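Subject: Structure for your files, with notes

Hello,

Here is the structure I said I would pass on.

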Amino acid sequence: PEVTVNEMARHLEQGAGVRTIKDRNLVTPPASPAEGDEYLLPGSPTGAWVGQAGKLAFRMNTQWEFITPYAGLFAFVQDELA
């Protein structure tokens, strides 16, 4: 049960306020993602992301979780800093 609670807490922490997205143009999953990394998937993603276009890919417990963006979502895209 503690694993389920911890996973729910991670989703809440990541989704509270502004989401931090590493990249929104990457079509192939990174080779060594860190726990908690999140990406907005463009059209035609490949590899472990295939079929998930337009979703958020969130790294949790060594696997990808996919979240459908919702109206009112705010996100900060790290690789677009000037």
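Predicted model: local features only at pLDDT ≥ 70, side-chain atom pairs only at ≥ 80, totals over all residues.

Aromatic rings

The count of aromatic pairs comes to three. One of them is formed by Tyr39 and Trp64: the ring centres are 5.9 Å apart and the planes stand at 70°, over the 60 degrees required, so the pair is edge-to-face. Tyr39 belongs to strand 2 and Trp64 to strand 4, so this contact ties together parts of the chain that are 25 residues apart in sequence. Both Tyr39 and Trp64 are buried.

Trp64 also pairs with Trp49. Here the centres lie 5.2 Å apart and the planes are at 80°, so this pair too is edge-to-face. It is another link between distant parts of the chain, since Trp49 sits in the loop between strand 2 and strand 3 while Trp64 is in strand 4, 15 residues apart.

How accessible are Trp49 and Trp64? Trp49 has a relative accessible area of 0% and is buried. Trp64 has 12% relative accessibility, which is under the 20% limit, and therefore counts as buried.

Taken together, Tyr39, Trp49 and Trp64 make up one aromatic cluster. Trp64 has a charged neighbour as well: the charged end of Arg59 sits over the ring of Trp64, 5.1 Å from the ring centre.

Backbone angles

Two residues other than glycine have a positive phi and may be worth a look when you go through the backbone. For Ser44, phi is near 60°. Ser44 is in the loop between strand 2, residues 38–40, and strand 3, residues 56–60. Is Ser44 buried or exposed? Its relative accessibility is 61%, over the 50% limit, so Ser44 counts as exposed.

For Thr62, phi is about 65°, again positive although the residue is not a glycine. Thr62 is placed in the loop between strand 3 and strand 4, the latter being residues 63–67. With a relative accessibility of 65%, Thr62 counts as exposed.

Regards

Definitions and conventions. Residues numbered from 1 in each chain as written. Heavy atoms only, no water. Helix = DSSP H or I, 4+ residues; strand = E, 2+ residues; numbered from the N terminus. Buried < 20%, exposed > 50% of the residue type's maximum accessible area, 1.4 Å probe, protein only. Phe/Tyr/Trp six-rings, centres within 6.5 Å; stacked < 30°, edge-to-face > 60°. Lys NZ or Arg CZ within 6 Å of the ring centre and 35° of its normal.
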